[in-house]
Amino acid sequence: HLLSIDSLDDAAIAQLLERGAAFAADPALGAGRLAGCTVFNCFYENSTRTAMSFAQAAARLGAQAITLSVEHSSVKKGETLADTARTLGAMGPDALVLRHRHDGAAAEVASLVDCPVVNAGDGTNEHPTQALLDALTLTQHFGSLDGRRVAIVGDIRHSRVARSNAKLLERLGVEVRLAGPDRLVPPGCMSFDSALDGADAVMMLRVQRERLDEELGDAPGEYLRLHGLTLERLARARPDSVVLHPGPMNRGVEIADEVADLPGRSLILRQVANGVAMRMAVLEHLVGR
Ligand code: CP
């Protein structure tokens with residue numbers, strides 16, 4: 001299973017990054033690697049990047065991705081996650097990819113099925129394949145990440161992306177700096193400006209309003225002015241620093257248009273492309289024989 005960054009030892013991380021880089025350079029390397037296999041894609045929360053890139057990754061490996069349309073499934077008749085997992089497991093998939101709003105949902109499913117389970121995001125807990133594709137993107141750009149400074153900024157409190165990235169990047173020798181609005185960060189985080197000072201990379205995060213118990217109450221434009229990445233703020237980071245965002249972006253909220261689209265320094269679409277390559281590497285690692 002790939003449930004958490006913690007489930008990968010250093011050798012597995014190195015192998016996944018190497019294989020992800022190879023697939024990014026030449027997607028045809030995957031041809032036929034998982035011929036005849038099926039991957040069940042089960043997304044209980046909305047997704048564009050993760051869901052489509054797992055499907056694309058499966059196709060490039062010769063496997064078939066089969067999507068559970070949760071909205072039209074027996075989940076809507078009240079079937080529990082455990083019973084759905086046992087039901088899908090009985091159909092004999094070679095891997096099951098799960099996104100769910102509850103922390104620990106992927107671990108629960110993994111305990112009930114015989115195939116490998118990939119956590120494609122569980123509540124506010126982890127999103128390990130996002131962290132792997134982000135590490136691949138940074139490694140392609142910088143080479144070794146040892147000693148690099150990466151600021152992860154925004155809604156840290158609700159971010160499974162931040163949690164998985166902090167774990168993985170620290171394992172790779174990165175100085176990880178966490179910052180964001182007071183209400184959206186745990187104690188001990190830095191100020192936005194300090195996190196940006198001399199940073200090699202800035203990873204902005206979406207405000208997850210769907211996970212907030214109450215409205216932030218910010219007026220239009222206020223979040224960008226106080227907490228968003230503008231060109232003026234980015235100037236505190238290194239002049240050759242790069243910008244990442246896991247998506248989906250709230251343009252004009254946590255990131256200004258001109259930063260999101262900054263030529264040569266925004267790696268956001270590179271992250272998306274690497275999502276396919278890294279998920280090819282993950283599926284091959286878990287299912288390949
Ligand atoms: N980064 C990410 O998980 O995006 P999606 O929600 O579109 O999959």
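Analyst: The model is a predicted one. By that cut-off, the ligand is surrounded by S47, T48, R49, T50, G121, Q130, P246, G247 and P248. Sorted by class, this shell holds 2 nonpolar, 6 polar and 1 charged residues. Domain 1 (5–127 + 274–287) and domain 2 (128–272) each contribute at least three residues to the shell.

The UniProt record, an unreviewed entry, places the feature "binding site" at R49, T50, R99, H127, Q130, G247 and P248.

R99 is found in strand 3, which covers residues 95–100. A residue counts as buried if 20 or more other C-beta atoms lie within 10 Å of its own. R99 has 25 such atoms within 10 Å, so R99 is buried. Setting aside neighbours within four places in sequence, R99 is in contact with F43, Y44, E45, S47, T50, A120 and G121. Of these partners, S47, T50 and G121 are also listed around the ligand.

Q130 belongs to helix 5, residues 128–142. With 25 other C-beta atoms within 10 Å, Q130 is buried because it passes the same cut-off. Not counting residues up to four places away in sequence, Q130 touches V161, S164 and P246. P246 is, like Q130, part of the ligand shell.

Now the wider setting. The chain is divided into domain 1 (5–127 + 274–287) and domain 2 (128–272), and their C-alpha centres lie 25 Å apart. Across the boundary, 26 residues of domain 1 are in contact with 26 residues of domain 2. On the domain 1 side, helix 1 (10–25), strand 4 (117–122) and helix 11 (268–287) each supply at least two of the touching residues. Helix 1 gives the most, with 7 residues. That side of domain 1 is made up of 10 nonpolar, 10 polar and 6 charged residues.

The chain has 11 helices and 8 strands in total. Its radius of gyration is 19 Å, close to the 19 Å given by the globule rule for 289 residues, so the chain is as compact as a globular protein of that length. The C-alpha trace spans about 55 × 40 × 30 Å along its principal axes. Of the 289 residues, 47% count as buried. Among contacts between residues at least 6 apart in sequence, 75% join residues at least 24 apart.

Definitions and conventions. Residues numbered from 1 in each chain as written. Predicted model: local features only at pLDDT ≥ 70, side-chain atom pairs only at ≥ 80, totals over all residues. Near = placed C-beta within 6 Å. Nonpolar A, V, L, I, M, F, W, Y, C, P; charged D, E, K, R; others polar. Domains from an automatic or database assignment. UniProt positions renumbered as here; feature names shortened; annotations may be inferred. Helix = DSSP H or I, 4+ residues; strand = E, 2+ residues; numbered from the N terminus. Buried ≥ 20, exposed ≤ 12 C-beta atoms within 10 Å, placed from the backbone. Contact = placed C-beta atoms within 7 Å. Rg over C-alpha atoms; globule rule 2.2 N^0.38 Å.
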